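Take a look at the view below, and then we can walk through it together.

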Amino acid sequence: MIADCRSGATVYELGDRFGIERRTVSTILHRHGVPMRRRSLSPDQIDHAVHVYNLG
C-alpha cells in the first residue's frame, strides 16, 4: 500500500484495491509516516472554475 501510494495512487484507488475505506487507508499511511499529498486543481480546472464563478 505504501509503495503504491508513493507511486501516485490515491487513497480512493488504494481503498478500492484493498477493499477498505479511504479513511482507513489514510490512517494506515499516517501511522507509517507516509506524507499525504493534496492535489490541487489543474490549470484547465482553475480556468473552468473561474469561468463558472463569473457566470454566477
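Arginine 23 pairs with glutamate 21 in a salt bridge of this predicted model, and the closest N and O atoms of the two lie 3.8 Å apart. Arginine 23 has a relative accessible area of 54%, so it counts as exposed.

| Arginine 17 | Aspartate 4 | 2.8 Å |

Aspartate 4 is partly exposed, at 28% relative accessibility.

Now to the helix packing. How do α2 and α3 pack, by angle and by distance between their axes? Helix α2 (residues 11-18) meets helix α3 (residues 22-31) at an angle of about 105 degrees, and their axes are 8 Å apart. An angle from 65 to 115 degrees counts as roughly perpendicular, so α2 is roughly perpendicular to α3. On the α2 side, Val11, Tyr12, Leu14 and Gly15 make the contact, while α3 brings Arg22, Val25, Ser26 and Leu29. These contact residues comprise five nonpolar, two polar and one charged.

Last comes helix α4 (residues 43-55), with 13 residues. From first C-alpha to last, α4 reaches 19 Å, close to the 18 Å expected at 1.5 Å a residue. The number of buried residues in α4 is zero, so α4 lies largely in the open. Glycine 56 follows α4, and its phi is positive, near 100 degrees.

How values were computed:
Residues numbered from 1 in each chain as written. Predicted model: local features only at pLDDT ≥ 70, side-chain atom pairs only at ≥ 80, totals over all residues. Heavy atoms only, no water. Axes fitted to C-alpha atoms, helices over the stretch in contact; angles between N-to-C directions. Helix = DSSP H or I, 4+ residues; strand = E, 2+ residues; numbered from the N terminus. Parallel < 35°, antiparallel > 145°, perpendicular 65-115°, else oblique. Contact = heavy atoms within 4.5 Å. Nonpolar A, V, L, I, M, F, W, Y, C, P; charged D, E, K, R; others polar. Expected span 1.5 Å × (residues − 1). Buried < 20%, exposed > 50% of the residue type's maximum accessible area, 1.4 Å probe, protein only. Salt bridge = Lys/Arg side-chain N within 4 Å of Asp/Glu carboxyl O.
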